[in-house]
Amino acid sequence: MVIGLAHGGISTRDMEKSIDFYTRLLGGRVIMEIEEPKGTPWIVAVQFPDGSCVELFYPRPEQFPLGTALGRNHLAFRVEDIQALYRLLLDEGVPVPVVPRVARDGNLQMWCTDPNNYPVEFLQYVPDCPQLKSGPVVKLS
C-alpha cells in the first residue's frame, strides 16, 4: 500500500545548483551518492524530514537531452508555511510564476522552477482538504 511519495527522479543541468536548491533552500539533506559501475557520478539522493526523496541524476546531455518542453513532469512538495517559502524564494532570486493562491482542491498552491527548469509545485494543506481525508474519491470539475 502506498503511504506517500518515496522520491521523484530528475535529470539535472547543473548538479551543484540542484543540490543547493533542494538542500539549502528547501531543507533537504543529501543521504546518498551513487556511482555508475565505471566509477562516474550518477545519482545524488536528497531526503526531506518526512522521508520523501528526490534523486538528482548527473547531466548526460548526449544520452538524455532535457530540451525545453518538459510537459507535465514536476515535483510537488507539501509545506507548512507557503508564504514564508514564497518570501525565501523571492529573496534568493528564484522566479515564482504562480504566487500563492487557492488551488481547485482548496489548498494553498505555488509554483516555481528549479535550476534545471523543472516545474516545482508547493502545497500547504488546509484542514478539510481531500488529501487529509479518508473516504470516497473527490472529483473536482
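## Thr 23 and its surroundings

Which residues does Thr 23 touch, not counting residues up to four places away in sequence? In this predicted model, Thr 23 touches Gly 28, Arg 29, Val 30 and Val 46. Thr 23 itself belongs to helix H1, which covers residues 15-25. Its relative accessibility is 18%. Because buried means under 20% relative accessible area, Thr 23 counts as buried.

A further relation concerns Phe 48. Thr 23 and Phe 48 are 25 residues apart in sequence, and their C-alpha atoms are 8.6 Å apart in space.

Strands of a sheet pair through backbone hydrogen bonds, in either a parallel or an antiparallel sense. With strand E1 (residues 7-11), E4 pairs in the parallel sense over five bridges. With strand E3 (residues 41-47), E4 runs antiparallel, and five bridges join the two strands.

E3 and E4 form a hairpin with five residues between the strands. In this hairpin, Gly 51 takes a positive phi near 100°.

## The sheet of four strands

An open sheet is built from four strands in the order E5-E8-E7-E6, and its pairing is mixed. Strand E5 (75-78) and strand E6 (98-102) stand at the edges. Each of these edge strands has a single partner strand, so one side of each is left without a neighbour in the sheet. On average, neighbouring strands of this sheet are turned by 20° against each other, direction ignored.

Helix H2 (residues 82-91) packs on the sheet and touches E6, strand E7 (108-113) and E8. The direction of H2 makes about 20° with that of E7.

Within the sheet, E5 pairs with strand E8 (residues 119-124) in the parallel sense, over four bridges. Leu 75 stands opposite Val 120 in E8.

## The largest pocket

Rolling a probe the size of a water molecule over the atoms shows where empty space is left. How much space lies in the largest pocket? The largest pocket holds about 750 Å³ of space. It is lined by 23 residues, of which Asp 50, Ser 52, Phe 77, Arg 78 and Val 79 are the closest to its centre.

Several elements of the structure contribute to this lining. E5, H2 and E8 each supply at least two residues, and the largest share, three residues, comes from E5. By class, the lining has 14 nonpolar, five polar and four charged residues.

Key:
Residues are numbered from 1 along each chain as its sequence is written. This is a predicted model: local features need pLDDT of at least 70, side-chain atom pairs count only at pLDDT 80 or more; totals for chains, interfaces and linings use all residues. Side-chain values use heavy atoms; hydrogens and water are left out. Buried means under 20% relative accessible area, exposed over 50%, partly exposed in between (1.4 Å probe, protein chains only). Contact means heavy atoms within 4.5 Å. Two strands pair if DSSP finds at least two bridges between them. Axes are lines fitted to C-alpha atoms, for helices over the stretch in contact, and angles run from 0 to 180 degrees between N-to-C directions. On a 1 Å grid over the protein atoms alone, a cavity is a set of points where a 1.4 Å probe fits but cannot get out, and a pocket is an open set with protein on both sides within 12 Å along at least five of seven lines; lining residues have an atom within 4 Å of a point. Grid points are joined across faces, edges and corners, and a volume is the space filled by probe spheres set on the points. Ala, Val, Leu, Ile, Met, Phe, Trp, Tyr, Cys and Pro count as nonpolar, Asp, Glu, Lys and Arg as charged, and the others, Gly among them, as polar.
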